[in-house]
Amino acid sequence: MNRRLILNLLRREGPRSRADIATVIGLSPAAVTFVVADLLEEGIVTEGKAVPGPAGRRPIPVEINYEHSLAVGFKLMVDSVECVATDLATNPVAAMRVGLEGHDPDYVADLLAGTVPELVKLAGRPKAKLAGIGISMPGVINHEQTACVRSHRFKWDNVPLASLVASRVHVPVWLEDDTNAYAIAQQLFGLGRQHRNMAVLAVGVGISCALVIDGKLYRGANGAAGKFGHTLFEENGRLCECGKRGCLMAYHSELSMLRRWRETTGRDELGLPELREALSSGDATATTLVAESGRGIGTALANLVNITDPEVVVAGGEAVSLGDPFLNPLREALSARTFRAAPPLLPDWEDNSWARGAAALVTQKIFDFESSGGVTDIARLGVRGSAA
Ligand SMILES: [Zn+2]
């Protein structure tokens, strides 16, 4: 417990002296020194340079050694895998993409296992050990984070992918729904670091919305929470990948936006880069279509916000790269339908974000950040206002 409190403080606020740690967490200096000595020996923390303190003291700051180990993250997509090796703060040090030619579980496990040595070599950190592998994919994942219970896109039922990979690579492996993994990365090192309650909207091939409630990712009774894209948009409407009709994502996911754009223009070759270009050149068809999707998602999101009351909504996924023509109508629709003032919608998307999310699964487990996040660990102990 003390170990987790100390690591979380250092993660959120950066280097701190032992004396500071003791004050903020409310532990005795001796207890802090004892735990820090253990962490130093394991190499998970290091000592920085002494800085001048009050009364001529020069306390030595302690910080997390994020280069201690490597984490590998895989984001499974239908026809390819985004792969990264990161440090323990999910900063990528190597990245690649490999094609996926089928969805047979053993084939997928072989492919992932075979990619690991390549990634580690590419990372170029011979002294860092491989701490583990995180895999993210669209689907329902069991609570143990070992098996995919159901994935429509992969047509999988109860596939123990984490075990299949672990038996080949011999390091710990965790599996998680892709939006949940992205939310964990946001919670640990991204925009969610200072928030106990947030929604993490992802608009890519599908649409989902992970929920962090009181500092914990909410997974639901069956690991199926946050399947926001399958809420109803239009009764008896377009067919969704889940087999039902009229789901939100059948209209407004990035993939569905592109599909509707191709239908309207009759040009099958159009993709996301072309859509971005059309928007920036003021193309009326593209602008109308993207705004319609923004509004559709914003209105649905307002329902979710009215139920869960998040402090912020972090938005990720490929569609976020469409920028204001997508996000402004989304924000307006959200505002128009929320009971209270709408929470800020903060876009945060860059290359490798999905795979970095997968790598965050490793960090979360190593540092035992399971039930942490936000500043309230400290606030609960009666110390406020110290967060950056
Ligand atoms: Zn659906």
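**Helix pairs, cores and a cysteine**

Tutor: Start with helix H4 (residues 105-123) and helix H5 (residues 161-169): their axes come within 9 Å and cross at roughly 45°. Keep in mind that this is a predicted model.

Student: What makes H4 oblique to H5?

Tutor: The angle does. Under 35 degrees would count as roughly parallel, and 65 to 115 as roughly perpendicular. The crossing is at roughly 45°, so H4 is oblique to H5. The crossing is also right-handed.

Student: Which residues make the contact?

Tutor: H4 gives Pro-105, Asp-106, Val-108, Ala-109, Asp-110, Leu-112, Ala-113 and Val-116. H5 gives Leu-161, Leu-164, Val-165, Arg-168 and Val-169. By class, that is 10 nonpolar, no polar and three charged residues.

Student: What meets what between H2 and H3?

Tutor: Arg-18, Ile-21 and Ala-22 of H2 meet Pro-29, Val-32, Thr-33, Val-36 and Leu-40 of H3. Six of the contact residues are nonpolar, one is polar and one is charged.

Student: How do you know that Cys-247 is buried?

Tutor: Its relative accessibility is 3%. The cut-off for buried is under 20%, so Cys-247 counts as buried. Cys-247 sits in the loop between strand S14 (216-218) and helix H7 (249-252).

Student: What is in contact with Cys-247, beyond its neighbours within four places in sequence?

Tutor: Gly-229, His-230, Thr-231, Phe-233, Arg-238, Cys-240 and Cys-242.

Student: Which residues have the most contacts inside the largest nonpolar core?

Tutor: Ile-6, Leu-7 and Phe-367, in a core of 48 residues. Helix H6 (residues 178-189) supplies the largest share, seven residues.

Student: What does Leu-7 touch, leaving aside its neighbours within four places in sequence?

Tutor: Leu-7 is in contact with Leu-39, Ile-44, Val-45, Ile-64, Phe-367 and Phe-369.

Student: How many residues are in the second core?

Tutor: That separate core has 41 residues, including Phe-228, Cys-240, Met-249 and Leu-279. Cys-240 is also one of the contacts of Cys-247.

Technical notes:
Residues numbered from 1 in each chain as written. Predicted model: local features only at pLDDT ≥ 70, side-chain atom pairs only at ≥ 80, totals over all residues. Heavy atoms only, no water. Axes fitted to C-alpha atoms, helices over the stretch in contact; angles between N-to-C directions. Helix = DSSP H or I, 4+ residues; strand = E, 2+ residues; numbered from the N terminus. Parallel < 35°, antiparallel > 145°, perpendicular 65-115°, else oblique. Left-handed = near helix turned anticlockwise from the far one by under 90°. Contact = heavy atoms within 4.5 Å. Nonpolar A, V, L, I, M, F, W, Y, C, P; charged D, E, K, R; others polar. Core = buried A, V, L, I, M, F, W, Y, C linked by side-chain atoms within 4.5 Å. Buried < 20%, exposed > 50% of the residue type's maximum accessible area, 1.4 Å probe, protein only.
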